[in-house]
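Colleague: I am new to reading models. Could you take me through one, feature by feature?

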Amino acid sequence: MTYLFNRLCRLIASTVFALTATVAVARDFRSADVHSKGFPTNMAVKYMGDEIAKATGGKYNIKVFGDSALGSEKDTIEQVKIGALDMVRVNTAAFHGIVPESIIPSLPFLFRDIEHFRKTMYGAQGDKILAAFDKAGFVGLCLYESGARSMYAKKPIKNVADMKGLKVRVQPSDLFVSIINAMGASPTPMPMAEVYTGLKTGLVDAAENNYPRTRKPSTSKPLRFTLKRCTRCRRRCWCSRRRSGIRFPRTIRPRFARRPRIPWRTT
């Protein structure tokens, strides 16, 4: 999270957000997410908003629009790109075609265990991936975990052989399509907002996601079985536009260099 604050500082220092050269304007920065208000990803962004509000005396905050209210992950990335939205929290899969380096943490069986995962992604290697967003016109604010990927379906999945012939919802990513193909199943790229309908109507037989998502009523109602054994850990990305107009007063900036105390992890 130190890197997140440093990135915010550099973003703040390099942009201007004021009605005049000397008068700053209070603002709630808009951040989008496909998950519901109580989902860990939204809670994490809200936590950051609370920290910013404390550091600026309530002048600045972050307002989260969840439940795909502003569109799919692809839609909201485009909105950030053109400046219609300040920030977006997405799975790194949404950037696979934009920032090739974002593919790295999504590769299966890349890490020995969760500690290896955290040491790598919260260190210099994770910083390099975030820095790669600059050339695509974004500022990568942070990467964080949200649990391992699991398969959930309408029938028991006890081994890879049980995947054969299943129509599986995947995120729109060539990498994820290849992984499901390698398992002998038929991948069906689909935005999160369409998963429930896809499962209920039989358009797909199964889906892959992190365990918290399988417990959401909007996903679990059409399902009977969940395989908690995972193939890879999942990375979330929070980013902003390079010229987003975010600026905090100079006296506030040093506060963003502090390492925040996060009360929980999205595991």
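Modeller: The chain here has 9 helices and 9 strands. This is a predicted model, where local features need pLDDT of at least 70, side-chain atom pairs count only at pLDDT 80 or more, and totals for chains, interfaces and linings use all residues. Residues are numbered from 1 along each chain as its sequence is written, and side-chain values use heavy atoms, with hydrogens and water left out.

Colleague: What is the mean pLDDT of the chain?

Modeller: First the idea: pLDDT is the predictor's confidence in each residue, from 0 to 100. The chain has a mean of 78, and 72% of its residues reach 70 or more.

Colleague: Where is confidence lowest, and where is it highest?

Modeller: Helix α1 (residues 2-14) is lowest, at a mean of 49. Strand β6 (residues 186-189) is highest, at 96. Where pLDDT is low, the predicted coordinates should not be read in detail.

Colleague: How many residues are in the chain, and what share is buried?

Modeller: Buried means under 20% relative accessible area, exposed means over 50%, and partly exposed is in between (1.4 Å probe, protein chains only). Of the 267 residues, 50% are buried. For the surface, areas come from the Shrake-Rupley method with a 1.4 Å probe; for residues, only the protein chains shown count as cover. The accessible surface of the chain is about 12900 Å², and 55% of that belongs to carbon and sulfur atoms.

Colleague: Is valine 88 buried or exposed?

Modeller: Valine 88 counts as buried because its relative accessibility is 0%. Valine 88 sits in strand β3. Beyond four places in sequence, valine 88 touches Ser31, Ala32, Thr76, Ile77, Val80, Cys237, Trp238 and Cys239. Take alanine 32: 56 residues away in sequence, yet 4.8 Å from valine 88, C-alpha to C-alpha.

Colleague: And isoleucine 129: which element holds it?

Modeller: Helix α5 (residues 124-131) holds isoleucine 129. Isoleucine 129 is also buried, because its relative accessibility is 6%. Its contacts beyond four places in sequence include Glu101, Ile104 and Leu143. Leucine 143 is 14 residues along the chain from isoleucine 129, with 9.0 Å between the C-alpha atoms.

Colleague: Which residues other than glycine have a positive phi?

Modeller: The general rule: most residues other than glycine have a negative phi, and most peptide bonds are trans. Serine 68 has a positive phi, near 55 degrees. Phenylalanine 109 has one of about 55 degrees. Serine 68 lies in the loop between β2 (60-65) and α3. Phenylalanine 109 lies in the loop between β3 and α4 (114-121). Serine 68 is buried because its relative accessible area is 16%, while phenylalanine 109 counts as exposed because it reaches 66%.

Colleague: How many cavities of 30 Å³ or more does a search of the whole structure find?

Modeller: On a 1 Å grid over the protein atoms alone, a cavity is a set of points where a 1.4 Å probe fits but cannot get out; a pocket is an open set with protein on both sides within 12 Å along at least five of seven lines; lining residues have an atom within 4 Å of a point. Grid points are joined across faces, edges and corners, and a volume is the space filled by probe spheres set on the points. The search finds 1 such cavity. The largest cavity has a volume of about 40 Å³. Its lining has 13 residues, and Ala32, Asp33, Val34, Gly71 and Thr76 are closest to its centre. β3 gives the most to this lining, with 3 residues.

Colleague: What volume does the second largest pocket have?

Modeller: The second largest pocket has about 420 Å³. Its lining has 25 residues, with Glu73, Lys74, Ala93, Ala94 and Pro172 nearest the centre. α3 gives the most to the lining of this pocket, with 4 residues.

Notes
Helix = DSSP H or I, 4+ residues; strand = E, 2+ residues; numbered from the N terminus. Contact = heavy atoms within 4.5 Å.
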